[in-house]
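Subject: Structure for your review

Dear colleague,

Please find the sequence and structure below. My notes on the fold follow.

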Amino acid sequence: MPPRAARPDSAKLASHEKFYMVHLPMEAMHFSAEEPHTLRIHDSQQKISAKIKDIKKLFPKVAYINNHTGSKFTSNEIAMNRLVFALNANHIRFIDSRTTAKTMAPKVLKNFGLKYVARDVFLDHHMDKPYILKQIKKAIAVAKAHGSAIAIGHPHKNTLQALSESKALFKDVELVQINKIY
């Protein structure tokens, strides 16, 4: 996520990685713990473009962005047009976290001649480890059935533990970063 007071070193930490995605805060329908500098549906093209340029300066190797929250933003066609325009100008691809069934991302990306890519499984909507383990199994089942699956989660303690404990489950699938399938 972009740096803020609670995580001032996120860009510095990312600079040591060969590959990373930026989890970009976007306006939600209902969310009480909004991030600073959240993209809003009424932001101008100039404001969204400037934000994406700032992200590119902070995270120079970024090639993929997904939405943090964003149910209101991604369901707004005008806002998504502005975002995809700005992302294209900076050679960044959008991965839809699918925080709403009303997402306009498929339509907007198609209008830009781009492929729509979205998460198949959200690992840690609930933070208890048994739920996360169930979601990992679901992601594996989707991958086996369809040839690939995109799972999105956060580096929470229970998520990391569940992933570590699932090593045996991964023997039947190949874990790859998003750049291998999109």
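A residue is called buried when its relative accessible area is under 20%, exposed when over 50% and partly exposed in between, with a 1.4 Å probe and protein chains only. By that criterion, 42% of the 182 residues in the chain are buried.

This is a predicted model, in which local features need pLDDT of at least 70 and side-chain atom pairs count only at pLDDT 80 or more, while totals for chains, interfaces and linings use all residues. Residues are numbered from 1 along each chain as its sequence is written, and side-chain values use heavy atoms, with hydrogens and water left out.

The chain contains 7 helices and 5 strands (DSSP runs numbered from the N terminus: H or I of at least four residues for helices, E of at least two for strands). Their order along the sequence is α-β-α-β-α-α-β-α-β-α-β-α. Of the contacts (heavy atoms within 4.5 Å) with a separation of 6 or more, 73% join residues 24 or more positions apart. The C-alpha trace spans about 50 × 35 × 35 Å along its principal axes.

Helix α6 covers residues 129–146. Among the buried residues of α6 are Y131, I132, Q135 and I136. The buried residues of this helix pack against β4 (121–122), β5 (151–152) and α7 (157–165). After α6 comes G147, with a positive phi near 95 degrees.

With kind regards

How values were computed. The expected span of a helix is 1.5 Å times one less than its number of residues.
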